[in-house]
Amino acid sequence: MERGARRALIVAVARDVIAHADELNRLDQAIGDGDHGTNVRRGFEAVLAEVDDLAGMSESGALAAAGMLLLNNVGGASGPLYGTLALSMARNLPGTTGISGWIEAFGLAIEDVKRRGKSEPGQKTLLDVLVPVHTSLVAGDDAAVARLASVAENAAEATRSMLAVRGRAAFLGQRSVGHVDPGARSASLIFGAIGRVLVEEFDGK
Ligand code: ADP
Ligand code: MG
């Protein structure tokens with residue numbers, strides 16, 4: 001991916017998350033403490049402020065730098081998890097090649113997020129988007145990237161019926177059921193934006 005495309009990808013993800021901060025706060029008001037949108041907005045504003053530097057780095061370098069920015073700026077429970085996702089991908093990407101290398105690094109990073117959060121899919125967290133998105137990419141057919149946004153959005157929506165057993169929402173027990181998980185929603189915004197930019201990138205070739 002060229003510098004211009006890398007920049008466009010980072011800008012698209014950051015802007016999408018920032019634009020939905022109020023919605024993410026509302027979701028977190030229902031089953032948490034109402035700050036998820038504010039948290040991820042702060043993180044992605046920090047990323048956006050560095051976008052020209054990030055776009056000039058290697059893919060692994062950019063992921064590591066973005067991961068540190070998320071780790072240092074998002075805060076909450078989600079900051080270390082999104083930070084871990086990006087930092088672990090940065091660590092696992094070198095030595096791999098092509099799209100399959102990205103998918104492999106993403107899979108290893110998800111394992112690190114699970115360890116960090118002591119969590120598994122099915123517990124109403126951002127993992128309930130990360131894992132289905134990864135599974136869909138592993139399927140590996142030509143439509144996998146085009147499908148990314150809808151897979152991510154459907155996966156976030158599917159957290160509505162789940163019972164939270166991790167994070168603040170777990171304190172609500174059964175009352176957590178009936179609400180979309182804020183972290184799952186932010187993950188769906190991130191991967192939806194990635195999917196849309198990659199489709200444009202491939203279409204233009
Ligand atoms: P906090 O809960 O500290 O206020 P945020 O509101 O920024 O942090 O993030 C909440 C989101 O973080 C949840 O919606 C959930 O998706 C995710 N989350 C919280 N704890 C965990 C965990 N142990 N494992 C995976 N994801 C988690
Ligand atoms: Mg919160």
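Start with the charges: the chain carries 21 positive and 25 negative side chains, and the centres of the two sets lie 5 Å apart. Lys and Arg count as positive, Asp and Glu as negative, with His and the chain ends left out. Each charge is placed at NZ of Lys, CZ of Arg, CG of Asp or CD of Glu.

This is a predicted model, where local features need pLDDT of at least 70, side-chain atom pairs count only at pLDDT 80 or more, and totals for chains, interfaces and linings use all residues. Residues are numbered from 1 along each chain as written, chains are lettered from A and ligands numbered from 1 in written order, and side-chain values use heavy atoms, without hydrogens and water.

**Whole chain**

Switch to cartoon view. You will find ten helices and zero strands. These are DSSP runs numbered from the N terminus: helices are H or I with at least four residues, strands are E with at least two.

Show the C-alpha atoms. They fill a box of roughly 50 × 35 × 30 Å along the principal axes.

Contacts come next (heavy atoms within 4.5 Å). Of those with a separation of 6 or more, 63% join residues 24 or more positions apart.

Of the 205 residues, 49% count as buried. Buried means under 20% relative accessible area, exposed over 50%, and partly exposed in between, with a 1.4 Å probe and protein chains only.

**Magnesium site**

Select ligand 2, a magnesium ion. Its protein donors are Asp28 (OD), Asp33 (OD) and Asp35 (OD), at 2.0 to 2.2 Å. Donors are N, O and S atoms within 2.8 Å of the metal (3.2 Å for Na, K and Ca); water is not among the atoms, so sites may look incomplete. Along the chain, the donor spacing is D-x4-D-x1-D. Asp33 is partly exposed at 38% relative accessibility. Asp35 is partly exposed too, at 25%.

**Loop between H7 and H8**

Now select Lys118, in the loop between helix H7 (98-117) and helix H8 (127-139). Lys118 is not a glycine, yet its phi is positive, about 50 degrees. Lys118 is exposed, with a relative accessible area of 63%.

Move on to Lys124, in the loop between H7 and H8. Lys124 has a positive phi of about 65 degrees, although it is not a glycine. Is Lys124 buried or exposed? Lys124 counts as buried, at 1% relative accessibility.
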